[in-house]
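Here are my notes on the model you sent over. Have it open next to you while you read.

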Amino acid sequence: MSQAPEAQPSPPSVYHERQRLELCAVHALNNVLQQQLFSQEAADEICKRPLSQLALPQVLGLILNLPSPVSLGLLSLPLRRRHWVALRQVDGIYYNLDSKLRAPEALGDEDGVRAFLAAALAQGLCEVLLVVTKEVEEAGCWLHTS
C-alpha cells in the first residue's frame with residue numbers, strides 16, 4: 001500500500017532587492033523592512049539633514065562607525081580598519097563610551113556632542129546610527145521639523 005506524498009508547504013514570499021549601482025544601504029533597509037520603502041533620494045535626504053535638526057533629548061544614544069588607524073607600537077601603518085563607538089547622555093552630560101578609552105570621556109552638553117559629531121563626520125567615511133525607542137521612531141520625533 002503506497003501512501004500519497006505529503007504536500008510540501010510553499011516557500012514564503014520573501015522580498016529581496018538585488019544590488020544596483022552602489023545603493024547597498026537602500027537595498028539593506030528595504031530587505032530588512034520587506035518592502036520598497038526607501039529610494040536613493042530618500043536615503044540621501046536623511047544623510048543630508050544637519051546635526052542641528054537632531055532632537056537629542058529624544059535620542060537614547062548614538063553609535064558611530066569610524067575609520068581607525070592601524071599601528072604596530074609607534075609605527076603607524078597605511079591601513080584602515082573600522083571601529084564602533086557609542087555616545088550616550090547620562091545625567092545631562094554626553095559621554096564618549098569608546099571601548100578603546102580607559103574611561104568614559106565627557107563631551108558636555110548638546111553643543112559638545114554636536115561638535116564631536118561634526119568633527120567625526122568631517123573626517124569622512126563616518127556613519128552615525130541613532131538609537132531611539134520604538135515610540136520615538138514611530139512618532140518621528142528624533143528630528144526637529146522646523
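1. Confidence by element. Helices (H or I, at least four residues) and strands (E, at least two) are DSSP runs, numbered from the N terminus.

2. Overall confidence and ground rules. For the protein chain as a whole the mean pLDDT is 82, with 86% of its residues at 70 or more. Where pLDDT is low, predicted coordinates should not be read in detail. This is a predicted model, so local features need pLDDT of at least 70 and side-chain atom pairs count only at pLDDT 80 or more, whereas totals for chains, interfaces and linings use all residues. Residues are numbered from 1 along each chain as its sequence is written, and side-chain values use heavy atoms, with hydrogens and water left out.

3. Taking a salt bridge as a side-chain nitrogen of Lys or Arg within 4 Å of a carboxyl oxygen of Asp or Glu, the count is three. One of them pairs R82 with E127, with the closest N and O atoms 3.9 Å apart. Since R82 is in strand β2 (residues 75–90) and E127 in strand β5 (residues 127–131), the pair ties together parts that are 45 residues apart in sequence. R82 is partly exposed at 40% relative accessible area, and E127 is partly exposed at 46%. For these labels, buried means under 20% relative accessible area, exposed over 50%, and partly exposed in between (1.4 Å probe, protein chains only).

4. E110 and R114 form another salt bridge, their closest N and O atoms being 3.1 Å apart. The two are four residues apart in helix α3 (residues 110–122), so about one helical turn separates them. E110 is partly exposed at 28% relative accessibility, but R114 counts as buried at 15%.

5. K134 bridges to E138, with 3.9 Å between the closest N and O atoms. Both belong to helix α4 (residues 134–139), four residues apart, or about one turn. Both K134 and E138 are exposed.

6. Backbone at D91. Have a look at D91, a residue other than glycine with a positive phi, near 50°. Most residues other than glycine have a negative phi. D91 lies in the loop between β2 and β3 (93–96) and is exposed, at 75% relative accessibility.

Conventions
pLDDT is the predictor's confidence in each residue, from 0 to 100.
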